[in-house]
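Hi everyone, thanks for coming. I'd like to walk you through one structure today, residue by residue in places, so please have a look at it before we start.

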Amino acid sequence: DTAIPFKSESLSAAYSRIQKESLIGYGGRESSEQGNLAVTGATVHELDYNNFGLILEAAFGAVATGVYTIEDQLAKFLWLEFDKQVSRHRFGAAMISKFSISGEKGGLVEMNVEWVARSFDNSATAFPAISPSTMTRVRFQDLVFRLADQADAIAAGDAVEIDQFEFSFDRALKTDDYVARSTDPELAIIPIEGDFRTTGLSIRLPRYAADTIVDWKEADTPLQADLTFQRGAEAVKIELPEIRITEGFDAAIGGAGPMTLEGGFEAYRSSSGNPMYVGNEARITVV
């Protein structure tokens with residue numbers, strides 16, 4: 001058992017309803033029947049340096065010596081349990097369909113995780129006596145963000161001052177396959193990837209001070225980026241070796257105040273010769 005701190009959760013078990021459509025001489029419906037079960041929802045967390053390895057592994061699929069890498073087919077299942085005083089709510093086997101890590105000036109970095117589970121049970125058994133590890137929370141001010149073309153390895157001189165970001169990873173799971181069977185026909189079969197996964201990054205610069213990013217957008221320049229959060233000896237690093245600007249960075253005039261630059265990138269697999277690394281579209285290292 002692992003205790004993971006969270007701010008809120010919205011997991012729920014919802015049955016579809018099968019309505020009776022026959023015309024039988026009056027306008028009111030007769031009772032509907034219970035149909036398929038969908039168990040979905042999200043958890044929201046204040047990200048810290050110590051407690052989120054299990055979630056990162058469940059989302060990406062693999063970990064080795066603190067480096068979390070993306071597997072093409074997800075095979076990680078978790079059981080989620082929440083002590084709600086009246087009873088313990090258990091969701092499982094649960095998979096992560098999507099997650100994001102985001103932050104804004106003056107605040108903490110948050111993680112939003114979207115789950116799909118196979119079943120739900122409310123049990124009155126005692127909750128295990130477990131506690132999270134030391135919660136050294138990740139602050140926005142811990143971040144160094146770097147963005148560069150791929151002419152050479154990303155370096156300290158490529159640091160860019162931003163005041164907001166969001167990293168997102170969506171596995172595009174197909175979750176609504178139900179089959180005829182003798183036991184539990186209302187439960188979906190195991191979700192599986194139903195399309196290309198998508199990985200994205202959005203940022204905001206508080207000042208429009210140079211045309212570098214605008215020029216990269218016009219030229220469709222291959223870029224690389226990383227986000228490093230460090231507090232003392234603890235660190236989390238997100239690497240994106242192959243990205244393109246896909247939206248924004250238009251330097252719109254919004255009024256009398258300073259012009260800002262904001263926009264988004266899409267991440268792709270990197271190929272031979274990439275100065276960051278060759279492989280899937282993102283990796284996360286936790287120290």
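Let's begin with S97, which counts as buried at 16% relative accessibility; buried means under 20% relative accessible area, exposed means over 50%, and partly exposed is in between, with a 1.4 Å probe and protein chains only. Before I go on, a word on the source: this is a predicted model, where local features need pLDDT of at least 70, side-chain atom pairs count only at pLDDT 80 or more, and totals for chains, interfaces and linings use all residues. Residues are numbered from 1 along each chain as its sequence is written, and side-chain values use heavy atoms, with hydrogens and water left out.

Back to S97, then. This serine is found in strand 7; helices (H or I, at least four residues) and strands (E, at least two) are DSSP runs, numbered from the N terminus. What is S97 in contact with, leaving aside its neighbours within four places in sequence? The partners are E114, W115, F169, D170, R171, A172 and L173, where contact means heavy atoms within 4.5 Å. As for V39, its C-alpha atom is separated from that of S97 by 12 Å, and the two residues are 58 apart along the chain.

While we're in strand 7, which covers residues 88-104, please find A93. The peptide bond leading from G92 into A93 is cis, with omega near -15°.

T65 is not a glycine, yet its phi is positive, at about 45°. You'll find T65 in the loop between strand 4 (61-64) and strand 5 (67-70), and it is exposed, with a relative accessible area of 82%. D220 also isn't a glycine and has a positive phi, near 50°. D220 sits in the loop between helix 2 (212-219) and strand 14 (223-231), and is partly exposed at 48% relative accessible area.

Now for the rings. How many aromatic pairs does the structure hold? There are 10, counting rings of Phe, Tyr and Trp (its six-membered ring) whose centres lie within 6.5 Å; planes under 30 degrees apart count as stacked, over 60 as edge-to-face and the rest as tilted. Take F6 and F82: their ring centres are 5.3 Å apart and their planes are at 80°, so this pair is edge-to-face. F6 lies in the segment before strand 1 (8-9) and F82 in strand 6 (residues 78-83), so the pair ties together parts that are 76 residues apart in sequence. F6 is partly exposed, at 42% relative accessibility, whereas F82 is buried, at 9%.

A second pair is F140 with F165, and here the centres are 6.3 Å apart with the planes at 25°, so the pair is stacked. F140 lies in the loop between strand 8 (110-123) and strand 9 (143-149), and F165 in strand 10 (residues 164-170), so parts 25 residues apart in sequence are tied together. F140 is buried, with a relative accessible area of 9%, and F165 is buried at 3%. Going back to F6 and F82, they form one aromatic cluster together with F91 and F120.

Let me finish at I253. This isoleucine is found in the loop between strand 15 (234-248) and strand 16 (261-267), and at 69% relative accessibility it counts as exposed. Thanks, and I'm happy to take questions!
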